[in-house]
Amino acid sequence: MEHILDMYEKGEPFYLYTGRGPSSDSLHLGHLVPFQFTQWLQRVFNAPLVIQLTDDEKFYWKRYLTLQEASRLGFENSKDIIACGFDVSKTFIFRDTDYIQHLYPTVNKIARVVTCNKAVGTFGFSDSDHIGKYGFPAIQAAPAFSSCFPQIFAGREDVQCLIPCAIDQDPYFRMTRDIAPTLGWKKPALIHSRFFPALQGPKTKMSASSAESAIYVTDTPEQIAHKIKTYAFSGGQETKELHEELGGNCDMDVSYQYLTFFLHDDAKLEWIRQEYTAGRMMTSQIKQHLIDTIVPMVLDFQKSRARVTDDIVESFMAVREIKPF
Ligand code: TRP
């Protein structure tokens with residue numbers, strides 16, 4: 001990341017690469033975090049962005065999904081992604097099954113330098129896993145190299161890449177960084193977003209298939225308030241008296257944790273942390289701060305999501321020339 005910033009200051013541009021595995025129709029707040037952050041990076045650096053939709057990956061990993069359904073979900077999920085505010089003149093979204101011919105030369109080169117041994121060590125595959133899984137990491141690695149996008153980079157293979165992603169994607173990009181020098185390419189830089197917990201507590205994972213664990217981007221203000229009040233794990237004390245005496249624990253408090261992601265006013269966040277930790281702010285109050293933060297954000301998101309038509313998705317997905325810088 002530091003290297004990227006130094007290069008940028010010297011006028012050497014970079015591109016952004018992120019992605020999504022389309023396995024469900026409904027995105028939750030945790031899914032939005034890397035995309036909101038990527039959108040911010042695109043805006044601040046005016047950088048071109050490629051977004052990979054791994055319909056192949058989800059077909060390989062989810063027994064219940066047909067390939068056709070995974071591709072459809074990829075198309076639908078694009079609408080949520082686009083609603084985060086990406087600039088169509090700088091953003092290329094692709095599904096693997098549509099774009100594979102352009103990735104394939106780069107995938108080949110990667111596949112030849114990653115052994116099964118390495119894949120097992122990195123991803124934990126077993127002998128009984130099907131071979132699709134063994135091949136897939138090369139497909140997720142490929143877009144980290146500008147050779148995949150001749151229509152954007154005019155055949156340049158050495159444009160530096162920055163990958164904003166959630167921490168669970170790290171194994172793919174460790175592998176990618178490992179093999180880059182072997183192939184004479186630049187290692188991609190990475191910036192991870194912190195783990196986004198489920199409502200049930202700081203060590204639980206939001207699941208798109210468990211309605212109580214997640215706030216969906218389609219939830220109404222009433223549903224959001226209800227979920228936060230009912231399920232958001234509290235770092236507060238059992239009784240008001242105890243809370244005033246001992247104070248709340250922000251490390252355990254899901255409402256506080258969510259505020260660290262979505263409340264942009266750092267001074268207010270710090271004030272909330274101090275008041276809650278000191279026991280002057282009650283659990284119901286910190287939850288209300290969270291509701292007041294998230295509801296307008298989700299309503300804004302829904303407004304821009306409603307404007308994203310199929311035609312707009314097609315325009316992001318068209319294989320076209322993009323002026324990179
Ligand atoms: N494997 C990711 C997922 O399941 C999708 C993905 C593909 C991705 N390429 C990426 C995520 C690059 C972040 C960055 O969601």
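Ala154 makes a handy way into this predicted model: at 72% relative accessibility, over the 50% cut-off, this residue counts as exposed. Ala154 sits in the loop between helix 8 (150–153) and strand 4 (160–166). Its phi is near 50 degrees, a positive value in a residue that is not glycine. Most residues other than glycine have a negative phi. Asn46 also has a phi near 50 degrees, again positive in a residue other than glycine. Asn46 belongs to the loop between helix 2 and strand 2, and with 44% relative accessibility it counts as partly exposed.

Five of the five residues of strand 2 are buried, so the strand is largely enclosed by the rest of the structure. Leu49, Ile51 and Leu53 point one way from the strand, while Val50 and Gln52 point the other way. Strand 2 has partners, too. With strand 1 (residues 14–20) it pairs in the parallel sense over five bridges. To get from strand 1 to strand 2, the chain passes through helix 2 (residues 29–45), and this β-α-β crossover is right-handed. Strand 3 is also joined to strand 2 by five bridges, and these two strands run parallel as well.

Setting aside neighbours within four places in sequence, the contacts of Gln52 include Tyr17, Thr18, Gly19 and Arg20, along with Phe94, Asp96 and Leu103. Further along the chain, Ile139, Gln140 and Pro143 are in contact with Gln52 too. As for Asp127, 75 residues away from Gln52 along the chain, the two C-alpha atoms are separated by 28 Å.

On the nonpolar side, the largest core has 59 residues, and Leu29, Tyr258 and Ile294 touch the most other members. Helix 14 (residues 283–306) supplies the largest share of this core, with eight residues. Tyr258, leaving out residues up to four places away in sequence, touches Phe196, Pro197, Ala198, Leu199, Met206, Ile215, Leu290 and Ile294. Apart from this core lies another one, of 32 residues, among them Tyr99, Val107, Ala142 and Ile322.

Finally, a word on a lysine. Lys227 has its place in helix 10 (residues 221–231), and at 10% relative accessibility it counts as buried. Beyond residues up to four places away in sequence, Lys227 touches Leu199, Ala211, Ala214, Ile215, Tyr216, Asp219 and Ala232. Of these, Leu199 and Ile215 are also touched by Tyr258.

Note on methods. Residues are numbered from 1 along each chain as its sequence is written. This is a predicted model: local features need pLDDT of at least 70, side-chain atom pairs count only at pLDDT 80 or more; totals for chains, interfaces and linings use all residues. Side-chain values use heavy atoms; hydrogens and water are left out. Contact means heavy atoms within 4.5 Å. Helices (H or I, at least four residues) and strands (E, at least two) are DSSP runs, numbered from the N terminus. Buried means under 20% relative accessible area, exposed over 50%, partly exposed in between (1.4 Å probe, protein chains only). Two strands pair if DSSP finds at least two bridges between them. A crossover is right-handed if, with the strands pointing away from the viewer, the path from the first strand over the helix to the second runs clockwise. A nonpolar core is a set of buried Ala, Val, Leu, Ile, Met, Phe, Trp, Tyr and Cys residues joined through side-chain atoms within 4.5 Å.
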